[in-house]
Each structure stands twice: as C-alpha cells, then as structure tokens.
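Keep the structure open beside you as you read.

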Amino acid sequence: MTRIVVVGGSLGGLFAANMLLRDGHDVQVLEKASGSLSGRGAGIVTHDALVRALRRSGVPSEATLGVEVPGRVMLAGDGRTLDRLDMPQVLTSWSRLYDMLRSAFPPERYHLGCAVQAVRCTGEGCEVQTSSQTWQADLVVAADGIRSAQRQRLYPQAQPHYAGYVAWRGVAEESGLSSFTRQTLFPYFGFCVPPREQIIGYPVAGADHDTAPGRRAYNFVWYRPVPMGPVLDDLMTDDEGVHHPQGIPPHKVSPRHVAAMRQDARRLLAPQFAEVLEVTSQPFFQPIFDLESPQMQADRMALLGDAAFVARPHLGLGVTKAAEDAVALADALREHARIDEALAAYEALRRPAGQSALARARWLGHYMEHAGEEAPADALNPADRRHQVLHETAIDLERYGHRSAFVPPGAGLLATAPPLITLWSPR
Ligand SMILES: Cc1cc2nc3c(=O)[nH]c(=O)nc-3n(C[C@H](O)[C@H](O)[C@H](O)COP(=O)(O)OP(=O)(O)OC[C@H]3O[C@@H](n4cnc5c(N)ncnc54)[C@H](O)[C@@H]3O)c2cc1C
C-alpha cells in the first residue's frame, strides 16, 4: 500500500484521490480552502472519458450528470438561426461534479483548511508540511491548479501565459428568460460569433442540481480580446481600488465593468444572448491562459490537471483532462511496483496529451487574441469562422471525431501544433 498525499482538493485532486483509494492506496487530500468548494465554477461540457472516470471514481452509474441538448445553434447578431448541428451532449456543472466526487470519498481523509507550505522529497519518501502538521508520503500528487506552488518549485520557468482575451461567465435562471429566448436558444448549445469574439452557452441544472424544466439555468462564456497592461489591470481592480492579479472574485468585479459589458452585448450579440447576460445576477470573468510544464513528474511527485497543463477552454476539456491524468496515474501505479517507473510511464502517456490539447485550443482561440487597433482581419471569412466554431468547440472527439479542419492561412501555428493534423483527422 502506497501512502499518497494529494495537494489540492478540487476536481483533479478528487478524481485522483478516489481512484487511488479504490486501488488500495492510503490517500489523504489536503485542500487550502477552508469552506466547501461547492459554490465554485460554472458549466462543464462532459465527454465519454469524463463519464468513465466518474465511474472509476466510485460515482454510481445512475447518478444524473446534467442536462442533455439535442444539438447546436449558431445565432446571427439579429437573433436569426444561421446554422444548426445535431450533436447530443450532456452539460453539467462544476459543483455537480464536485459534490459527486466528494460523496464518493471518505470525509475523514479530506482535509479542508490545509494549505501545503512545503514539500521535501528524497529517494526514500516525502514530507508534506502544512501550518499544523507534517504528513509522510511515498508519493505526492500536486493537483494545486494553474498557480501550483509545487510546479513553480520544480520548474520556475513554467508560468501561465496570458492569451490576450478574457472570458466573461455566468449563469442565468431559466425562469427569468423570455419565451423567445427559451424557445430559440435555451434548449441548445448556442453560439454567436461577432468579429474576433465568441459567445457560447448551454443549459445546466439549476439550484440543488435541479434539471426539471423551468428550474434549470443557462451558462454562458463570452470571449473578448483585452490588451495586457492598463486595460486588463483596470478590469482586475475592484471598486475599493484593490488589484487582483491572480483572479478577481466574482463579487469584486466592478458594476461599472458589468454595465459596460452588458451594453456591448446589446450592440454585438444576438438579442437572446444579450438577454441571458442581462438577467445573470453576478457575471464574472477570467483571463485566459496557456500553461505548459516541461515535465509532469519528478522526485516522487506527479503534477496533475491544471498544475501541469492549461489549455484554453475551447475544447471544454480541462476537467476531462485532469480526470484522464488521474486514470493514467492510477494505471501506472497498478502496472509498476516502483514509483519512479510508474511516474515515468505516467509522464510518457500524459505529457503528449497535454501538449496536444494546449496546441489545439490555442489554434481554436488565436483569432481572438488582442492584436492592437490595427489588427489584420481574421484569416477566415465570417462564415468559415462560424462553421469552425460550431463544429469544433468542445466536441467529444471520441464520439464525433474531428469534423472539419480549417487551418487559418498564415496563422503560423502549425509549427507549434503539428499533432492537430494527425490526431484530429476528419472521420
Ligand atoms: C472560462 C473557462 C471555461 C471552462 N470550461 C470548461 C469546460 O466546459 N469543461 C472543462 O472540462 N473544463 C473547463 N474549464 C477548465 C477547468 O475549470 C479546469 O481545467 C479544472 O477545474 C482544473 O482542475 P484542477 O483540479 O486541476 O485545478 P483547480 O480546480 O484549479 O484546483 C486546484 C486546487 O488546489 C488548491 N490549492 C492550491 N494551492 C494549494 C496548497 N498550497 N495547498 C493545498 N491546496 C492548494 C486550490 O485551492 C484548488 O482547490 C474552463 C476554464 C475556464 C477558465
């Protein structure tokens, strides 16, 4: 039995903890947040690999994951439906996944309010230190997110790189929407693509994970270019003048910025989306980052989920990627008696996957990067851009494959993303 300490009790950490515990290891999870994480996050697109990972984590197969949509709609700025795509998908929420994974894990092994301050590993094992206790471990799983202190300790050169745009996010209650919006947008995975921007949305369960008609909600993500520097700094500063460079909490986002965002929505977006944004009680935003760690393991430590790789959200894959990391780590520990060999096998499998996800997501989102006032026109014409967005955003590659393969001429990204062509060839 291997003693394993998981640093970070969010979704990545919980996937790993559940699977490793079920494989007979002695697992403890240390999470720095002191209250339940359940209120975090918004909508999450599911993939078949995510469902399999939930089953392996001990989540009962009859558990309702979320809301199923029959397909996608692309809306024009005036609200007309420009295009449709039959593509059934199940949309869930961060808090639904968190609650299911927490329920599957013994509470006495999940420690809230335990910020890991230091980890020291030798060939013999690791010491994990919090303010109140030192934990002994044979293996440490660092699932401590994009700002991972463990990754920064091992690979200080690997820092998040701002992509040049932000994502406004939020959730609107179904009951607050007009019948026009409930009919033309709400049942679908919806899209609208103004020049160099993109909004997507989909229905999710409402309060208490309720999926009954009338009690659901509509989750949106609106990507907008924002230059780095004073404009981004102002956005990340609250009304008391406090700057939040690591991420501004939703309730601190200035009402001034929310009002400006809603005004832009009325001008740029289909009226259905503008209405969703209008009735969302607390819109918030996150800058979009790329992050690549040069390695995923060292010194009896595995990096997992966003601690290792952050791909832009256009694949809808962040949680599934963390879950697949957990599966690969558990498999490697089953197959190799020695921890160093297991870690090497884990890295060999998951690092190429992380690199491919990063490259593909960057390729899908690069046209929204802020490129100054004199930015050249989008390399794709509007119809082709809409087609690409509709067909390639957050698709389940296992189920639907890669349906189209637009390569923006002169984008210069193929040099960094050759696996796209081989891994995602059209079916
Ligand atoms: C706009 C947007 C839309 C997205 N949409 C989707 C989507 O549709 N589908 C999808 O799959 N993914 C999506 N994602 C990505 C997804 O949210 C992340 O990939 C995923 O949550 C990563 O999980 P994680 O457990 O690796 O990291 P995190 O969720 O960041 O968790 C890290 C945890 O570590 C804890 N921690 C940090 N330091 C310490 C410490 N020193 N000691 C103890 N604990 C510590 C933190 O408190 C936190 O709980 C989206 C992301 C964005 C920005």
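## Helices side by side

M261, R262, A265 and R266 in helix α7 meet A274, L277 and E278 in helix α8. The residues of this contact divide into four nonpolar, no polar and three charged. Bear in mind as you look that this is a predicted model.

How are these two helices arranged? Helix α7 covers residues 255-268 and helix α8 covers residues 271-279, and the two pack at an angle of about 165° with their axes 8 Å apart. Angles over 145 degrees count as roughly antiparallel, and α7 and α8 are therefore roughly antiparallel to each other. Their crossing is left-handed.

Now turn to a second pair, α1 and α3. Helix α3 spans residues 94-103, and its axis comes within 10 Å of the axis of α1, crossing at roughly 25°. Since angles under 35 degrees count as roughly parallel, α1 and α3 are therefore described as roughly parallel to each other. The crossing of α1 and α3 is left-handed. On the α1 side, L11, L14, F15 and N18 take part, and they meet W94, L97, Y98, L101 and R102 in α3. The residues of this contact divide into seven nonpolar, one polar and one charged.

Here are the two pairs in one table.

| Helix pair | Angle | Axes | Handedness of crossing |
|---|---|---|---|
| α7 and α8 | about 165° | 8 Å apart | left-handed |
| α1 and α3 | roughly 25° | within 10 Å | left-handed |

Next, find the three strands that form an open sheet in the order β7-β8-β9, with antiparallel pairing. Why is one side of β7 and of β9 left without a neighbour in the sheet? Strands β7 (118-121) and β9 (134-137) stand at the edges, each with a single partner strand, so one side of each has no neighbour there. From one strand to the next, the twist averages 15°.

Look at how β7 is held to its partner in the sheet. Four bridges join β7 to strand β8, residues 126-129, and the two run antiparallel. Within this pair, V119 stands opposite V128 in β8.

## A strand covered on both faces

Strand β12 takes in residues 189-192, and both of its faces are covered. F189 and F191 lie on one side, G190 and C192 lie on the other, and all of them are buried.

Which strands pair with β12? One is β4 (residues 67-75), which pairs with β12 in the parallel sense over three bridges. In that pairing, V73 has G190 of β12 as its bridge partner. Another is β13, which pairs with β12 in the antiparallel sense over three bridges. There, C192 stands opposite I199 in β13. Strands β12 and β13 form a hairpin with five residues between them, and R196 in the turn has a positive phi of about 60°.

## Positive phi in the loops

Most residues other than glycine have a negative phi. D208 has a phi near 60°, a positive value in a residue other than glycine. You will find D208 in the loop between β13 (198-204) and β14 (217-225). Is D208 buried or exposed? D208 has a relative accessible area of 76%, and exposed means over 50%, so D208 is exposed.

R300 also has a positive phi, of about 60°, although it is not a glycine. R300 sits in the loop between β16 (297-298) and β17 (301-303).

G9 has its place in the loop between β1 (3-7) and α1 (11-22). With a relative accessible area of 0%, G9 is buried. Not counting residues up to four places away in sequence, G9 touches L14, V29, L30, E31, L37, Y98 and Y110. G9 and Y110 are 101 residues apart in sequence, yet 7.6 Å apart in space, C-alpha to C-alpha.

V171 belongs to strand β11, residues 161-173. At 34% relative accessibility, V171 counts as partly exposed. Leaving aside neighbours within four places in sequence, V171 is in contact with A42, V204, A217, Y218, N219, F220 and T280. The C-alpha atoms of V171 and V276 are separated by 8.0 Å, with the two residues 105 apart along the chain.

Key
Residues numbered from 1 in each chain as written. Predicted model: local features only at pLDDT ≥ 70, side-chain atom pairs only at ≥ 80, totals over all residues. Heavy atoms only, no water. Pairing = 2+ DSSP bridges. Axes fitted to C-alpha atoms, helices over the stretch in contact; angles between N-to-C directions. Parallel < 35°, antiparallel > 145°, perpendicular 65-115°, else oblique. Left-handed = near helix turned anticlockwise from the far one by under 90°. Contact = heavy atoms within 4.5 Å. Nonpolar A, V, L, I, M, F, W, Y, C, P; charged D, E, K, R; others polar. Buried < 20%, exposed > 50% of the residue type's maximum accessible area, 1.4 Å probe, protein only.
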